[in-house]
Amino acid sequence: MVPPIIAITEALRNEHLRQVDQVVKRLIEAYGMLYRKLGAQQAALVAELETLAEGGAGKRAYLRRVEALLQQIEAEVGRYAIYADQEIQRAAREAIDLGLKHAAREVQLSFPQWAQARIMGAFNRLPVAAIEAMLGFLGDQSPLHTSLVDQFGREVAKRIGDKLVEGIALGYNPRKVAYALVREGLGEGLTWSMTTARTAQLWAYREAQRASDVANSHIVQGWVWVAAKDQRTCMSCLAMDGTEHRPEEVLNDHHNGRCARAVKVITLPGAAPLQYPTGYEWFTGLPEARQRAQMGSAMYDAWKAGKFQFKDLSVPYEDKVYGEMLRAASLKDLLGDAAKEYYRKAA
């Protein structure tokens, strides 16, 4: 049976994830308009490239036309980036507000009803502006703002340009070149902006909760890492699931991470301690076929052979916006060159 506080945490997390999805949906709609606008230019490019090919024009003519189109792509994607930046900034502020409200709600519901009024009378409620000032990634000079407004359009255009030049150099027909332009180049840009929007909101939400926990350390003793345990959950999150942390520790989940924190409050007389089944316990209770599918056969065989421990499946990496984050370890991370043998057997 899931402990009540874990059920509360998961319900609040799902409420926030619905908010996140609404923002991402708006970004997709805006990017769709960009996609359709550039699609007309792409069709014109195909026609022109085909004409150039029929007329025997050289690669210089191709490249001049491509360069003009890339300049337009950079400008159009740059305009989308300004909109995305504004949308993400607004959404992150909403995530801070929701995170603070959820932190208070979770603390309140951690106590029996007869004690809630007294506990919440001593609860410190932080202003949204204070958290916003604390989160450096929301500022105009932050790496997040710079990567969106100053670099996004240029990077998308460069990736598309590289694909186009490669296609021309290899002698691909114009339609294949156009496919690389629209489906791959612009698709990568959309994926990046969606990841950026999701991660900014999730991070702001969790950091607001952390600030609230620290401000209420007379009530909050710490928190427990709670992963969304399903088929999409990575092994890093399962390895961290159920671990206990101090109020000031950062829940440094990876990009797009769905993990949350379940608050641990002071224990009242007669209250039962939190009993939470960990990610390890959940995973080891799955059928072997499901374990292999989720972990990967090579890694599963190495784990069963005792080559590493379950807790080793989460490793840190450095992000220029958020600092240290955690990701799932690869078998090479864990075993070095010895991983090759397990990959060979699994293949």
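The following legends describe an overview and several close-up views of a predicted model.

**Figure 1. Overview of the chain.** The secondary structure of this predicted chain comprises 12 helices and 5 strands. Of its 347 residues, 48% are buried. Among contacts with a separation of 6 or more, 77% join residues 24 or more positions apart. The chain exposes about 17,400 Å², and carbon and sulfur atoms supply 52% of that area.

**Figure 2. The largest nonpolar core.** This core contains 33 residues, and Ile 73 and Tyr 80 have the most contacts inside it. At least two of its residues come from each of helix H1 (4-54), helix H2 (59-109), helix H5 (143-169) and helix H6 (174-215). The greatest contribution is that of H2, which gives 9 residues.

**Figure 3. The open sheet of three strands.** The 3 strands of this open sheet are arranged in the order E2-E1-E3, and their pairing is antiparallel. Strand E2 (244-245) and strand E3 (260-265) lie at the edges with a single partner strand each, so one side of each has no neighbour in the sheet. Strand E1 (residues 220-226) pairs with E2 in the antiparallel sense over 2 bridges. Trp 223 is placed opposite His 245 of E2. In general, strands of a sheet pair through backbone hydrogen bonds, in either a parallel or an antiparallel arrangement.

**Figure 4. The hairpin of E4 and E5.** Strand E4 (residues 314-319) and strand E5 (residues 323-328) are joined by antiparallel pairing over 6 bridges. The two strands, E4 and E5, form a hairpin, with 3 residues between them.

**Figure 5. Helix H10 and its surroundings.** Helix H10 spans residues 297-304, and its buried residues are Ala 298, Met 299, Tyr 300, Ala 302 and Trp 303. The cover over the buried residues of H10 includes helix H8 (279-284), helix H9 (288-295), helix H11 (331-335) and helix H12 (339-346). After H10 comes Gly 306, which has a positive phi, near 80°.

Technical notes:
Residues are numbered from 1 along each chain as its sequence is written. This is a predicted model: local features need pLDDT of at least 70, side-chain atom pairs count only at pLDDT 80 or more; totals for chains, interfaces and linings use all residues. Side-chain values use heavy atoms; hydrogens and water are left out. Two strands pair if DSSP finds at least two bridges between them. Helices (H or I, at least four residues) and strands (E, at least two) are DSSP runs, numbered from the N terminus. A nonpolar core is a set of buried Ala, Val, Leu, Ile, Met, Phe, Trp, Tyr and Cys residues joined through side-chain atoms within 4.5 Å. Buried means under 20% relative accessible area, exposed over 50%, partly exposed in between (1.4 Å probe, protein chains only). Contact means heavy atoms within 4.5 Å. Accessible areas come from the Shrake-Rupley method with a 1.4 Å probe; for residues, only the protein chains shown count as cover.
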